[in-house]
Amino acid sequence: MNNMPAILVLAPLLGAFFACLAAWIQKQLSYYIALAAMAVSCFAAVSVLTDVITSGTMQYRMAGWAPPMGIELRIDLLNAMVLVLISAIAFVNLVASVKNVEQEISDRAPSFYVMYLLFVVGLLGVTATGDLFNLYVLIEITSLTSYTLIALGDKDRAPLAALNYIFIGVIGASFYLLGVGYLYITTGSLNMADVAVILKGIQGSSAVLTAFILCILGVWIKMALFPLHVWLPNAYAFAPVGFARVVAPLMTKVMVYVMVRLMVTVFGLEYIFETLNLADAVVWLAVTAILAGAFTALFQKDLKKMLAYIIVCEIGYMVGGAWLGNSLGMTGAILHILNDGLMTFALFLAVGNIIYMRRQTAFSDLSGLFAAMPWTMAGFVLAGLSIIGVPPTCGFFSKWYLVLGAFEAGAYHFAAALIISSLVCAVLFFKVFEICFFEADSGAGDHNPAKVITEAPVSMLASLGLVSVAIIAAGIYAGTIVDTIILPFLQ
Amino acid sequence: MKFFGFVIVCLTGGLLLYGTMDLPDWGDPGSPASTHLSDYYIEHIVEETQVPNLVTAVLADYRGYDTMFETAVVFCAGLACFLLLRDFRPKKDRYFRHVPTGVMLHFKNPQTRLIAGNEFEHMDKDWVPSDMIIKTVCRILIPFIQIYALYVVAHGDFSPGGGFQGGVIFGSSLILMAISYNLKTLVKRVTEKFLSVFAALGVLIYVGLGVAAMLMGGHFLDYGMLAPLLPSDPGHIRALGMLGVEIGVGIAVMAVMVIIYINIVSEGRHDEGL
């Protein structure tokens with residue numbers, strides 16, 4: 001029997017508790033345990049993905065009980081891909097962020113790593129599970145850990161940002177739980193596949209509609225879809241770098257995954273697009289999200305805040321794509337989960353390097369960065385171009401599918417929003433490039449005209465380089481990813 | 001804003017009411033929730049697990065994976081309190097009391113050492129003379145509360161109870177000690193290291209039992225696979241496995257309760273408080 005699906009979630013969980021115990025022996029040990037745990041998890045995720053591609057959906061029965069009675073992990077192509085993304089980003093980030101953690105929270109670094117591992121356990125568990133209630137329990141873990149880790153950031157502003165996040169996040173999770181409650185009353189089951197079969201027979205029920213609205217609303221709050229996004233910009237901008245780098249690319253993307261999972265597997269696309277008449281309204285909502293995110297980003301004066309609003313905008317892409325109601329749009333949305341995870345991660349890696357060297361990310365502090373940190377800025381430019389959607393970076397290909405999907409569905413407003421937001425992103429990034437490239441470094445330039453390269457440590461640069469390669473590779477192999485993973489999943 | 005809030009509340013309430021139209025009647029024995037899985041559980045649990053308490057069997061065996069993460073959530077809560085509240089800076093002002101006379105000394109410089117025998121005791125700023133009646137009653141009561149907590153943990157699979165409840169009772173007995181004496185008495189007996197090790201160890205017992213089952217060739221948390229390790233009736237092994245995880249849950253919950261209490265009342269300084 002293949003235990004890999006369980007190991008993938010359990011390695012970081014065990015790692016967290018061992019790291020907690022080891023911290024009492026030697027503080028450094030907890031970091032190495034965390035690293036080892038994430039390496040094991042990453043390996044298991046890759047092995048699960050290859051198994052799923054070759055031999056189809058994997059099911060793992062927890063405690064050996066058959067599915068509707070017990071809990072099962074059910075890993076098909078979609079979640080196998082997301083699992084690899086999560087574990088890889090979490091692992092690379094551990095390597096990249098060790099110095100940032102030392103700089104920012106040195107006195108409680110071991111606890112930080114324990115919390116970090118538990119956060120990753122939550123994300124992996126949410127993605128791997130095939131049970132609606134288990135999903136809620138794991139959302140609870142991710143939320144609780146992210147509230148804590150965000151509050152550890154900026155001394156003055158992070159606790160308040162985390163508090164806002166708690167208020168809104170708890171409402172989101174409660175909505176989801178309430179929706180699952182309605183589903184349980186009407187179907188008597190919590191297993192996704194089982195619920196899906198029962199729901200086919202009772203599609204007209206008002207309780208099912210209520211459950212659907214509640215679940216989707218809860219997930220939207222968690223993923224910060226406009227206008228439910230108010231918690232996100234501050235929370236992500238004030239979080240400690242070591243955590244912002246992993247929460248920004250992963251948290252919202254995993255929630256998009258949950259939405260896709262609920263739509264495709266639990267409620268079924270026929271129910272959503274044929275029985276209900278909500279799709280048009282949701283696409284309009286996504287259009288507003290894209291435009292609002294992009295234009296608010298235009299007014300930001302801080303790099304981190306700007307990136308946070310770009311995330312709000314990207315969420316609009318994925319929600320809109322998923323609700324277009326055709327296979328192209330859904331393909332674009334799923335591909336964008338992967339691509340946006342990589343691009344956001346690269347951007348935050350670069351921002352983390354800048355913070356490590358300069359402590360500040362306000363636009364006025366960025367002058368002369370190209371000269372001082374050429375490698376970091378090279379990675380930043382590549383990720384920025386990918387967000388704008390310049391081929392051959394991966395951002396182009398998911399946008400391409402989304403635009404094609406929009407035309408096929410006749411949603412020209414969505415296509416227009418995609419193109420306008422790409423232009424706005426171009427303006428945003430070129431504004432940043434201009435400051436970094438042309439404006440002389442005001443601090444060092446006055447007395448010392450010779451340019452000194454003050455680049456971030458090698459571990460950070462190597463991680464950024466790796467992710468940059470991944471961005472280009474995901475772009476070049478976009479066709480392969482769509483053909484081997486996404487299209488077979490959607491059939 | 002208030003008006004918008006009102007409209008949203010009305011809409012949500014309306015949605016919930018709309019959803020109830022199609023729900024089965026209250027207590028309807030034919031409803032899906034009481035027929036689909038419940039029948040299976042009621043008919044098979046005693047035979048499959050030998051646990052008379054069906055709720056515990058569902059909680060700790062059929063859905064044991066969920067409960068493991070619930071315990072991890074409890075652990076997270078304790079760790080969150082530590083991460084956010086713990087304050088390692090030494091406090092500036094310290095107070096000592098000369099026990100025989102009741103004279104108080106106030107040290108403003110943290111470096112000053114008081115070289116004196118047992119007649120001085122380190123005390124809280126808002127010190128209230130402790131009440132002999134309360135102290136004595138609590139001292140007698142605490143061991144009984146703790147034994148009752150162990151009873152609740154151990155009887156989880158026979159009667160209402162289990163690790164969460166037992167752990168909370170045990171933790172509250174320690175908190176009672178802090179309330180009736182003072183925080184220092186508690187911190188001296190259960191140190192921070194003790195608590196954090198036990199919080200992690202409790203969850204580790206749970207996960208460890210699951211991993212042990214996996215190493216024996218079964219699925220994760222499949223207690224049935226532990227049979228060769230224990231000299232017991234193989235039919236009863238699932239009940240023993242559940243007892244094991246309940247003990248783990250109890251330890252973790254107990255430790256986390258105390259961690260949360262100490263960090264909140266002393267504002268993270270672990271020196272004085274309620």
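**Exercise 1. Describe the contact between chain A and chain B by residues and area.**

Solution. Step 1: the contact (heavy atoms within 4.5 Å) takes 64 residues from chain A and 56 residues from chain B. This is a predicted model, in which local features need pLDDT of at least 70 and side-chain atom pairs count only at pLDDT 80 or more, while totals for chains, interfaces and linings use all residues. Residues are numbered from 1 along each chain as its sequence is written, chains are lettered from A in the order in which they are written, and side-chain values use heavy atoms, with hydrogens and water left out.

Step 2: the two chains bury about 5,300 Å² between them, 75% of it on carbon and sulfur atoms. Buried area is the accessible area (1.4 Å probe) that two parts lose on being put together, summed over both.

Step 3: on the chain A side, W24(A), W65(A) and M69(A) lose the most area to chain B, together 14% of what that side buries.

**Exercise 2. Identify the charged and polar links between chain A and chain B, and state which elements of chain A take part.**

Solution. Step 1: between the chains there is 1 salt bridge, a term for a side-chain nitrogen of Lys or Arg within 4 Å of a carboxyl oxygen of Asp or Glu. R63(B) forms a salt bridge with D131(A), with the closest N and O atoms 2.6 Å apart. A network of salt bridges links D131(A), R63(B) and D66(B).

Step 2: 16 residue pairs are in polar contact between chain A and chain B, both residues being at pLDDT 80 or more. A polar contact is a pair of N or O atoms within 3.5 Å; within protein, one must be able to donate a hydrogen and the other to accept it, and residues adjacent in sequence count only if both atoms are side-chain atoms.

Step 3: the elements of chain A that each supply at least two residues to this side include α1 (4-22), β1 (58-61) and α4 (109-128). Helices (H or I, at least four residues) and strands (E, at least two) are DSSP runs, numbered from the N terminus.

**Exercise 3. Determine which parts of chain A the salt bridge of R261(A) and D76(A) ties together, and whether these residues are buried or exposed.**

Solution. Step 1: the closest N and O atoms of R261(A) and D76(A) are 2.9 Å apart. Step 2: R261(A) lies in helix α10 (residues 241-267) and D76(A) in the loop between β2 (72-75) and α3 (77-105), so the pair ties together parts that are 185 residues apart in sequence. Step 3: both R261(A) and D76(A) are buried, where buried means under 20% relative accessible area, exposed over 50%, and partly exposed in between (1.4 Å probe, protein chains only).

**Exercise 4. Carry out the analysis for D61(B) and R238(B).**

Solution. Step 1: their side chains meet in a salt bridge at 2.7 Å, N to O. Step 2: D61(B) in helix α4 (residues 54-62) and R238(B) in helix α10 (residues 237-265) of chain B are 177 residues apart. Step 3: D61(B) is buried at 1% relative accessibility, and R238(B) is buried at 9%.

**Exercise 5. Classify the aromatic pair of Y147(A) and Y165(A), and locate its members.**

Solution. Step 1: rings of Phe, Tyr and Trp (its six-membered ring) pair if their centres lie within 6.5 Å; planes under 30 degrees apart count as stacked, over 60 as edge-to-face and the rest as tilted. Step 2: at 4.9 Å centre to centre and 85° between the planes, Y147(A) and Y165(A) are edge-to-face. Step 3: Y147(A) lies in helix α5 and Y165(A) in helix α6 of chain A, so the pair ties together parts 18 residues apart in sequence. Both residues are buried.
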